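Thank you all for making the time this morning.

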Amino acid sequence: MKKLSIDGSGYYMSCMTLFNLIYFIKMIIDGLFFPENINWKSWIYYIDFFTFCTSIILFLMGVIFTIIIIKRDDSIQTQNTLGREVTVSELKDLTGQNYFTNYSLLVLTGLSLPTNKNVYSLILYFLVLITLGIVYIKKDLIYINPAMALFNFSVYACRNKQDKRSYIFVVRKCKLENGDTVSYADVGKKIIRINNTKAVKKQTK
């Protein structure tokens with residue numbers, strides 16, 4: 001069984017930012033927290049409030065992880081950094097693969113989840129989050145993250161021509177092609193983020 005990495009979890013939280021934003025706004029629109037509807041003595045209120053706060057916290061975490069994704073650069077910054085090189089082969093551009101189908105599913109799920117005043121809404125909310133998270137991380141579905149498109153990132157799956165190891169590159173402002181060489185710091189991860197276009201050496205035509 002594939003180990004769930006913190007890096008993968010961060011991408012998932014970033015991807016679910018809009019989902020959680022939609023859900024807690026939907027709770028407000030459905031009238032769960034207007035003063036005239038609050039029953040401070042009802043345990044249902046505190047369950048709803050817990051769900052509401054959780055969705056806000058996860059939304060904020062998603063924003064933080066999105067910033068980290070945008071800012072982080074795994075390319076070699078100094079000559080003293082131990083680095084690796086990958087010669088790109090068997091390249092697949094995942095940036096737009098099933099993007100609208102998969103991401104619209106997340107958005108529609110956020111809109112369709114019930115916000116009724118009962119414990120079942122809480123259970124269903126967490127069940128959806130956990131189920132989607134397991135699938136998202138295990139299948140490396142980072143290409144459905146809107147941050148990738150909004151901030152001009154492209155997502156590629158490829159193999160190293162030398163050792164046939166698989167990699168996922170999240171590259172900003174650069175298009176990878178078979179035969180290109182990508183230099184990056186030895187970060188020991190499968191998902192490599194490259195913001196520095198100098199880290200990609202184009203193949204000689």
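Let me begin with a term: a residue is called buried when its relative accessible area is under 20%, and exposed when that area is over 50%. Please also keep in mind that what you see is a predicted model.

With that cut-off in hand, take threonine 66, which sits in helix H3. Is threonine 66 buried or exposed? Its relative accessible area is 14%, so threonine 66 counts as buried. Leaving out residues up to four places away in sequence, threonine 66 touches Ser14, Thr17 and Ala147. The C-alpha atom of threonine 66 is also 8.2 Å from that of methionine 13, although 53 residues along the chain separate the two.

As general background, nonpolar side chains in soluble globular proteins tend to be buried together.

Let me stay for a moment with tyrosine 136. Which residues is tyrosine 136 in contact with, once its neighbours within four places in sequence are left aside? They are Gly8, Tyr11, Tyr12, Cys15, Leu141, Ile142, Ile144 and Asn145.

Tyrosine 136 is one of the buried residues of helix H5, and Leu122, Tyr125, Val128, Leu129 and Ile137 are also among them. Seen down the axis of H5, the buried residues fall within an arc of 135°, and they therefore line one face of the helix. On the other side of H5, Tyr120 and Ile130 are exposed. The helix has 20 residues and reaches 29 Å from its first C-alpha to its last, which is close to the 28 Å expected at 1.5 Å a residue. Just after H5, aspartate 140 takes a positive phi of about 50°.

Now to the aromatic rings, where the count comes to 10 aromatic pairs. Tyrosine 125 and phenylalanine 126 form an edge-to-face pair, with 5.4 Å from centre to centre and 75° between the planes. Tyrosine 125 is buried, at 0% relative accessibility, whereas phenylalanine 126, at 27%, counts as partly exposed. By contrast, the ring planes of tyrosine 167 and phenylalanine 169 stand at 20° with their centres 6.0 Å apart, so that pair is stacked. Tyrosine 167 and phenylalanine 169 are both buried. There is also an aromatic cluster, formed by Phe19, Tyr23, Phe50, Tyr125 and Phe126.

Finally, the sheet. Six strands, in the order E5-E3-E2-E1-E4-E6, make up an open sheet with mixed pairing. Why is one side of strand E5 (191-194) and of strand E6 (200-201) left without a neighbour in the sheet? These two strands stand at the edges, and each has a single partner strand. Further in, strand E1 (residues 83-93) and strand E2 (residues 153-160) pair in the antiparallel sense over 4 bridges, and lysine 92 stands opposite alanine 157 in E2.

Definitions and conventions
Residues numbered from 1 in each chain as written. Predicted model: local features only at pLDDT ≥ 70, side-chain atom pairs only at ≥ 80, totals over all residues. Heavy atoms only, no water. Pairing = 2+ DSSP bridges. Contact = heavy atoms within 4.5 Å. Buried < 20%, exposed > 50% of the residue type's maximum accessible area, 1.4 Å probe, protein only. Expected span 1.5 Å × (residues − 1). Arc of directions from axis to C-beta. Phe/Tyr/Trp six-rings, centres within 6.5 Å; stacked < 30°, edge-to-face > 60°.
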